[in-house]
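Me: Hi! Could you walk me through a contact between two chains?

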6 protein chains.
Amino acid sequence: MPYITIEGGALTREQKSELIRKVTEVASEVMQIPMEFFLCTVKELPDENIGIGGRTIDLIK
Amino acid sequence: MPYITIEGGALTREQKSELIRKVTEVASEVMQIPMEFFLCTVKELPDENIGIGGRTIDLIK
Amino acid sequence: MPYITIEGGALTREQKSELIRKVTEVASEVMQIPMEFFLCTVKELPDENIGIGGRTIDLIK
Amino acid sequence: MPYITIEGGALTREQKSELIRKVTEVASEVMQIPMEFFLCTVKELPDENIGIGGRTIDLIK
Amino acid sequence: MPYITIEGGALTREQKSELIRKVTEVASEVMQIPMEFFLCTVKELPDENIGIGGRTIDLIK
Amino acid sequence: MPYITIEGGALTREQKSELIRKVTEVASEVMQIPMEFFLCTVKELPDENIGIGGRTIDLIK
């Protein structure tokens, strides 16, 4: 603990690695908890599985 | 906000689009929040990753 | 299964009952799965625990 | 209800079936709720989508 | 990782402690991952926030 | 979208506001998505509802 999960569209391997590192860094600093206690996951979803305002992103793009 | 997520088995593209639209519509109406504030995701899982009563769905079907 | 969860601000008891009923109804219809298989939860969060665009809702309102 | 979800790396079909059965059994016993009311899902993520201490597992292994 | 979360109604402190211990034990054994890598949370919801078949549990009980 | 959720122990109002802002900032930068599209929630749990290695945090502290 703490556990951070980030849901969104597809990302590159480099983006996921950088995202997990930077999000963990700032959260560790604000929450005053050492980084090694942090668990972080990235959940990538296809555009047709994500809706904003009732419309799927593949139709919005 | 609000955020709605629907977890279940595989769906067609048309079902996902209709599901996201209709779920957002009724939730917007009940919660008295405009549709554009709603985020909605559909998470599809293989049958062998879903268990009811301790048995995976691929064994139940 | 399926499992639907709705995260947002505080709601009245009547809103939660109506929300769970109506969301389950439309999802059952679209997914062609009988209502009794549906599990649905409502997760209410304080405004200061919800952020849009990096700003918490209690500051936006 | 209750709903149990297990997030982690890739598992075999046999592991998922055994995991869902055993986790449901012990939870049913402790929570004093019959097994048939339990819903359980397994969410498998690639190593590059999981971070511990800010480092993705594919880099740690 | 792995991360296990158990959502349901209110539990006693003893039940939560036993539930977390036993679920982690069986999952560790099946997934062949040492217990200390496991993170587990219990999320308690009021009956009026949980619906089965479109009806909230406070109405079903 | 994207949606970020941070689960952990109790935080002050200031920490939650700063956490949501900073996490959204770094994620927006890495994912190349404008901040206003980000939804972020903080979920606070009591120590007895969080387990590491099968032991609840209230017993570990």
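Reply: Happy to; here is a short chat about the contact of chain F with chain A. This is a predicted model, so to speak from the record: local features need pLDDT of at least 70, side-chain atom pairs count only at pLDDT 80 or more, and totals for chains, interfaces and linings use all residues. Residues are numbered from 1 along each chain as its sequence is written, chains are lettered from A and ligands numbered from 1 in the order written, and side-chain values use heavy atoms, leaving out hydrogens and water.

Me: How many residues does the contact take from chain F and chain A?
Reply: Chain F gives 23 residues and chain A gives 23 residues, where contact means heavy atoms within 4.5 Å.

Me: And what area is buried between them?
Reply: About 2100 Å², with 75% from carbon and sulfur atoms; buried area is the accessible area (1.4 Å probe) that two parts lose on being put together, summed over both. In chain F, Met1(F), Val30(F) and Met31(F) lose the most area to chain A, together 29% of what that side buries.

Me: New topic: how many salt bridges are there between chain F and chain A?
Reply: Two, each a side-chain nitrogen of Lys or Arg within 4 Å of a carboxyl oxygen of Asp or Glu. One of them links Lys22(F) to Glu29(A), with the closest N and O atoms 3.0 Å apart.

Me: What about strands, which way do β1(F) and β1 of chain A run?
Reply: Antiparallel, joined by five bridges; strands here are DSSP runs of E, at least two residues, numbered from the N terminus, and two strands pair if DSSP finds at least two bridges between them. Tyr3(F) sits opposite Glu7(A).

Key: Helix = DSSP H or I, 4+ residues; strand = E, 2+ residues; numbered from the N terminus.
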